[in-house]
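Q: I'm new to this one. Can you walk me through it?

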Amino acid sequence: MALRTVTRKLGNKFFPLLSSTSHLHSHATSFGFKEVKEEEKAAMVGNVFSNVASNYDLMNDLMSAGLHRLWKDRLVSKLNPFPGMKHLDVAGGTGDVAFRILERINRVKQRGIQRDFEDILEAETKIYVCDINPNMLNVGKQRALQKGFAEDGSLVWVEGNAESLGFQNDSMDGYTIAFGIRNVTHIEKVLSEAHRVLKRGGRFLCLELSHVGIPVFKELYDLYSFSVIPSMGEMVAGDRESYQYLVESIRRFPTQEKFASMIADAGFQKVEYENLVGGVVAVHSGVKI
Amino acid sequence: MYRTAAKRLFSAATHSYHGNLHRLRLRPPHSQIFIPYRSFSTSEDQPFPIPQSPVHPETPLVPDSAPSSSPSPSPDEDPRTRGDKYQDEKSRVLHASLTHVIKLGWTEAALISGAKDVGLSPSIVGSLPRKEAALVEFFMDDCLQKLIDRIDSDESLKTLTPSECISKLIRIRLEMQAPYISTWPQALSIQAQPVNVPTSFKQRAMLVDEIWHAAGDNASDIDWYAKRTVLAGIYSTTEIYMLTDTSPDFRDTWAFLDARVKDAFDLKKTIQEAQHLAEAVSAGLGNTFQGFMGKVLRR
């Protein structure tokens, strides 16, 4: 499913950045079950994305039988957004999570906050949607227009890299990354960037496909992943390779516990995770103190 | 569900409100922590706050026993202390939120204002497990701690009879709630929500246990449960009576309280007398019956 990502297009303006990092470390990393050089991974993921962008939402619905909507709802309800918050949604290309946050904040406003409270809220709500792939951002902007979110200026679309965000320290109340962290080259960098941009008291939430531990269900899930999904990708999107990459990358991602310890190492506290659908998806959360 | 309540008890003990909560005394006759569930009539849904200005203008929080705010500027030592930092900050936020409760009620709005006061992003409110309930529970724990401190420091309590002591302690405890009386119905309804009942039940059980211990309780077995149930009933009814009391300084509430305590002690005496009477009657009846049957059978 969701190839949420920080991807790099071949030959784009970030290429100099790529080559400079390649001087620092030229290790191998994983691209699904294949081992590839780090600098190549970004390019390969970039290709994957440019291929999937157009059929993205349709494939999400098919692969998860529509459950991805509920998962994103759960993510946003855990976030508990409030009016006047500054939020950063990374790898949020098509805007699913950002729209949900805005809808929820508008609902809270409509319910009528007491007058005293409104005085305190001079700050304006701002949701920054950051994605490295402009195609995904464009799709998101289109959808925002359709839904009518474009008028009040609370949605800001930013092209950027999760490993080096262009935002100031201590500027965000919330940070979400939904189905994107699996595709980054350096997870630790993304986590420390998240820690940097969050204010004290800000929360980090990550929604990601994860590992299933339940015995019989695990086998069924593996069967579904390796047999059904690539075929679905071939039939619907005409691209078996990308979806093969997808299911392999899920297996290579750290387990829930390991990822939670990585989040804690980045400086977050009260790190916990919640498994949805028996571990198919996990929501990790942490607080910056 | 008792496991979560017990865990909460232990975590409160270990994180320890910065070391102030030095005693959590629970002395059930058998098991250590688990108290049998009795339905407390502690809460009734009163959706409309009773319009009554708090008679006691005192600041609700006494500095010496309130969780002290200790921002930790020291660098990260190790993961063990980091968990404490979160608990510290959480206590600070809840403490600051209490000052907003009178205006905003026991709501997320009060929590958000509290977080802003302390200098943290209001997002931290999202990390509290049951947001408004966390605030109410914090307040209940805070009051319990203040009550314990008061019991320890006040020597005059030892000279009172049990009924007077109980009366006085309940009064002290309810007076802590007096500033929030206009929003207290909301707090009670939050405590009554099924998801919050285990914790609120546990807190009330601890409170009742504390009061009985201070009043000099040496009971065991069934008496222990009966006493706590009765006292919990007295406390709850007085608490609810206080919600609609408009007399100056809650005079009527204290009169009500004294009457209930007297009733309870009278009832105890009455039960004892009834027991003696029943024994005497049955003994007498037994003799009469024996004699009668003897006569009948001999015929």
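Q: Helix H3 of chain B: mostly covered or mostly open?
A: This is a predicted model, where local features need pLDDT of at least 70 and side-chain atom pairs pLDDT 80 or more. Residues are numbered from 1 along each chain, and chains are lettered from A. H3 of chain B (residues 108–118) is mostly covered, with eight of its 11 residues buried. Buried means under 20% relative accessible area, with a 1.4 Å probe and protein chains only. Helices are DSSP runs of H or I, at least four residues; strands are E runs of at least two.

Q: Which residues of H3(B) are buried?
A: Among them are B:Leu111, B:Ile112 and B:Val118.

Q: New topic. How many aromatic pairs are there over all chains?
A: The structure holds 16. Ring centres must lie within 6.5 Å; planes under 30 degrees apart are stacked, over 60 edge-to-face, the rest tilted. A:Tyr128 and A:Phe167 are edge-to-face, at 5.3 Å and 65°.

Q: Where do A:Tyr128 and A:Phe167 sit?
A: A:Tyr128 is in strand S4 of chain A, and A:Phe167 is in the loop between strands S5 and S6, 39 residues apart.

Q: Why does A:Phe167 count as buried?
A: Because its relative accessibility is 14%.

Q: And what about B:Trp106 and B:Tyr180?
A: Their centres are 5.6 Å apart and their planes at 50°, so the pair is tilted. B:Trp106 has 0% relative accessibility. B:Trp106 and B:Tyr180 form one aromatic cluster with B:Phe139 and B:Trp184.

Q: Which ring does B:Lys227 lie over?
A: B:Trp212, at 4.9 Å from the ring centre. The cut-offs: NZ of Lys or CZ of Arg within 6 Å of the ring centre and within 35 degrees of the ring normal.

Technical notes
Heavy atoms only, no water. Buried < 20%, exposed > 50% of the residue type's maximum accessible area, 1.4 Å probe, protein only. Phe/Tyr/Trp six-rings, centres within 6.5 Å; stacked < 30°, edge-to-face > 60°.
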